[in-house]
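This report describes sheets, helix packing and aromatic contacts in a single model. Please read it alongside the sequence and the coordinates.

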Amino acid sequence: MNARKKSRRRSVAAVILALAIVLIAAAVLCALVCRVRTVRVEGNEIYSDSVLLESSGIKTGSFLFAVSRSAAAEKILHRCSVVKKADVSIRLFDTVVIRVEEQSPEFYTTVGTSTVFFTADLRVTGVAESGGPTYDAVRCVLPKVKRADSGERIEFYDGTGEYISVFLKACAAEEAFPSITEIRAESERDCCLFVGPEYKLKTGGNSEIELKLKVGFAMLQNDRVKKEKTATIDLSDPKEVVVKPGRPE
């Protein structure tokens, strides 16, 4: 009986040892074979493959299964302001796929040392260091910003800001929106926009804002205004537009 038990124990131990050797060999083989050798980037038009790869923090040669997909996606969203969605996946045995969805921002403003990109409804699409590209977004001067986090709406210290969204939406809906070079919206009464450095359109509040903007952009095609070359167009009363010649302040 004892001999049989010992024989059985030896057999079980041998099986366990064999399995351990197989698992260790498999782990070593996996560690050697499953390395990041190819990174495929999809969905990008504005950012290059190399910029997105560098932003993700993924290194070629690293262990494939050690890649933190969620962390890589978060890094891309944080560093690449035009990317509104990022997804990172792995493919056996050596490939990482970065899939992004880009959204060119409509507006941007400066908060401290950062450039904040946002939509007409004040949703932040990204935050970047000042001095970088602005992707043809329109520069906005806003009231003092309390908070501007990616994916969230901009918060202001005075707690207001709804008038800004109304004004920006009206501007973005205009056919002539691409000609706008700057928007100032520190207060509702003083909202205005610039078309180049030559022309300033003062709206005098958001009342009849769509009409005011249509009248204002139509006035820019007026021969009298064109002849002046620089002017401030006061649209406070769209029925009695006041044109003040001279470089706008």
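## Sheets, helices and rings

Y199 stands opposite A231 in β13. The model is predicted: local features need pLDDT of at least 70, side-chain atom pairs count only at pLDDT 80 or more, and totals for chains, interfaces and linings use all residues. Residues are numbered from 1 along each chain as its sequence is written, and side-chain values use heavy atoms, with hydrogens and water left out. Helices (H or I, at least four residues) and strands (E, at least two) are DSSP runs, numbered from the N terminus.

The pairing of β12 and β13 is parallel and extends over four bridges; two strands count as paired if DSSP finds at least two bridges between them. β13 also pairs with β14, here in the antiparallel sense, over four bridges. D234 has V242 in β14 as its bridge partner.

These strands belong to an open sheet of nine strands with mixed pairing, in the order β6-β5-β4-β7-β10-β11-β12-β13-β14. At its edges are β6 (124-129) and β14, each of which pairs on one side only. Axes are lines fitted to C-alpha atoms, for helices over the stretch in contact, and angles run from 0 to 180 degrees between N-to-C directions. Helix α4 packs on the sheet and touches β4, β5, β7, β10 (182-184) and β11. The direction of α4 makes about 155° with that of β10. Contact here means heavy atoms within 4.5 Å.

Further along the order, strand β4 (residues 107-111) pairs with strand β5 (residues 114-118) in the antiparallel sense over five bridges. T110 has T115 in β5 as its bridge partner. The hairpin of β4 and β5 has two residues between the strands, and G112 takes a positive phi near 65° there. β4 pairs in the parallel sense with strand β7 (residues 138-141) over two bridges, and Y108 has R139 in β7 as its bridge partner.

**Helix α5**

Which residues of helix α5 (residues 209-219) are buried? They are I209, K212, L213, G216, F217 and M219, where buried means under 20% relative accessible area, exposed over 50%, and partly exposed in between (1.4 Å probe, protein chains only). An α-helix has 3.6 residues a turn, so residues three or four places apart point the same way. E210 and K214 are exposed on the other side of α5. The buried residues of α5 pack against α4 (162-173), β11 (192-195), β12 (199-202), α6 (223-228), β13 (231-234) and β14 (242-245).

**The three-stranded sheet**

Another open sheet has three strands in the order β1-β3-β2, with mixed pairing. Since β1 (38-42) and β2 (83-91) stand at the edges with a single partner strand each, one side of each is left without a neighbour in the sheet. Neighbouring strands of this sheet are turned against each other by 15° on average, direction ignored. β1 pairs with strand β3 (residues 95-102) in the parallel sense over five bridges, and V39 stands opposite V96 in β3. Helix α2 (residues 49-56) lies across β1, β2 and β3 and runs at about 105° to β3. Helix α3 (residues 69-79) packs on the sheet, where it touches β2 and β3, and its direction makes about 150° with that of β2.

**Aromatic contacts**

A search of the whole structure finds six aromatic pairs. Rings of Phe, Tyr and Trp (its six-membered ring) pair if their centres lie within 6.5 Å; planes under 30 degrees apart count as stacked, over 60 as edge-to-face and the rest as tilted. Two of the pairs are tabulated.

| Pair | Centre distance | Plane angle | Class |
|---|---|---|---|
| F63 and F65 | 5.8 Å | 65° | edge-to-face |
| Y108 and F117 | 6.3 Å | 45° | tilted |

F63 is partly exposed at 28% relative accessibility, and F65 is partly exposed at 44%. Y108 and F117 are both buried. Ring pairs link Y108 and F117 with Y47 and Y135 into a cluster.

The charged end of K144 sits over the ring of Y157, 5.2 Å from its centre. Such a contact requires NZ of Lys or CZ of Arg within 6 Å of the ring centre and within 35 degrees of the ring normal.
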